[in-house]
Amino acid sequence: MISAGRGVGCGVVRVLLLGSGAREHALAEGLAADPAVRSLIAAPGNPGIAEVAALHPGVEITDPAAVAALAVEIGADLVVVGPEAPLVAGVADAVRGKGIPCFGPSAAAARIEGSKSFAKEVMAAAGVPTARARVCTDSATAATALDEFGPPYVVKADGLAAGKGVVVTPDRDAALAHAATCGRVVIEEYLAGPEVSLFVLCDGTAAVPLLPAQDFKRVGDGDTGPNTGGMGAYAPLPWAPPDLTEQVMASVVHPTLAELARRGCAYTGVLYVGLALTARGPAVIEFNCRFGDPEAEVEMALLETPLATLLHAAATGRLGSHPPLRWRPGAAVTVVVASAGYPASPHTGDVITGADRPGVLHAGTARRDGALVSAGGRVLACTATGADLAAARAAAYELVDGVSLAGSHHRTDIALAAVRGEVRVPA
Ligand code: AMP
């Protein structure tokens, strides 16, 4: 918990942060480091977040009325919503309904993540480059769509799936089988090219991009095995075209925000733009309505601008007058340490040591009889900065090497291709 008596700047004295993963641990550290913040409360939080915030574990964070009541009770000046589920449930609407600024989109705007078909509809109306797609509700139309686009097949569950509802496979039978388990699915054209995550802070009118980052979705080295919530990330991207952010703001972000506003759901919060850099230019793979995890960890490690003041400006429509963002020089790398069996069947309850060093962010951890134990699939996000990507990578893996957790696994190739200069954007 932050001690009282620090300077009070922009009126963002008391902050409520929702969530319990490493993304929220990174956000909590950023919020706590802002000199304007005197009190940080996290719900439910985790043992890492408890080092910098007072925890309020009892509240159901997907219950809009309960969150709004807590925000009123603690006199919050700002509510920051980490994960997507509360946003899709309408938590930001309920908080704003009490007159409290909230960093996060309304339920209507959060459909940009909550419904893949809604996102496709918005993109089509806004003329945003993305994969051609079909929405299918039965196996006959699914089969027709698979044959229309050909392999590799991309099949996405329509609703929220914590990053795990997508199957990309050369196997037509596996694609059909996934479609059958999902009910309503989006089947789309495969986009070939390196992936980029661009986070854009939005205040309903203005939009401010963070640094392009890359994450690693597959569980195994060399992008093998099933998709996960994310096994690592790095920023900045030494191989990306220098005008990438400008291009994406012009071709994707501004048209999408304008289309959402036209539909009566102007966007406040962070818009996560997941892109593939294809031979035809950047194309949207997905939108999310919150920071990505683990990309948020590298962004927060590099961001020097006071975070609470920045997110408060976004939540109160004042991003346009906020000073330009300041970034630390160098690079940041995050490597996720996952529990045995993740992602299929994570083993929990194992004792963790080595998680108390700066940069070791808690994702799925808990305290049991005083000991730190694993409590989820992704357990820790080891995050380090360095003068360049190679140095940041070495420092992140040093943190990983210092962690002990029975049966845990991690990728050994996070940011490796970028360090070796092997990432190529198709011409
Ligand atoms: P999503 O949940 O939509 O981000 O999809 C998860 C992952 O599946 C992405 O990060 C990509 O690696 C992959 N993916 C999704 N859609 C496509 C696509 N149209 N083409 C190629 N890869 C895709």
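This is a predicted model: local features need pLDDT of at least 70, side-chain atom pairs count only at pLDDT 80 or more; totals for chains, interfaces and linings use all residues.
Residues are numbered from 1 along each chain as its sequence is written, and side-chain values use heavy atoms, with hydrogens and water left out.

**Exercise 1.** State how α1 and α10 are oriented to each other.

Step 1. Helix α1 (residues 22–33) packs with helix α10 (residues 295–302) at about 15°, and their axes are 8 Å apart.
Step 2. Angles under 35 degrees count as roughly parallel, and 65 to 115 as roughly perpendicular.
Step 3. α1 and α10 are therefore roughly parallel.
Step 4. Ala22, Arg23, Ala26 and Leu27 of α1 make the contact (heavy atoms within 4.5 Å) with Ala296, Glu297 and Met300 of α10.

**Exercise 2.** State how α5 and α6 are oriented to each other.

Step 1. The axes of helix α5 (residues 107–114) and helix α6 (residues 116–126) cross at roughly 100° and come within 6 Å.
Step 2. α5 and α6 are therefore roughly perpendicular.
Step 3. On the α5 side are Ala108, Arg111, Ile112, Glu113 and Gly114, which meet Lys116, Phe118, Ala119 and Val122 in α6.

**Exercise 3.** Find which backbone atoms lie 2.9 Å and 2.8 Å from a nitrogen atom of the ligand.

Step 1. The ligand is surrounded by 15 residues (a heavy atom within 4 Å), and the closest are Glu188, Glu189, Leu191, Glu195 and Glu286.
Step 2. A backbone N or O atom of glutamate 189 is 2.9 Å from a ligand nitrogen atom.
Step 3. For leucine 191, a backbone N or O atom is 2.8 Å from a ligand nitrogen atom.

Notes: Axes are lines fitted to C-alpha atoms, for helices over the stretch in contact, and angles run from 0 to 180 degrees between N-to-C directions. Helices (H or I, at least four residues) and strands (E, at least two) are DSSP runs, numbered from the N terminus. Angles under 35 degrees count as roughly parallel, over 145 as roughly antiparallel, 65 to 115 as roughly perpendicular and the rest as oblique. A polar contact is a pair of N or O atoms within 3.5 Å; within protein, one must be able to donate a hydrogen and the other to accept it, and residues adjacent in sequence count only if both atoms are side-chain atoms.
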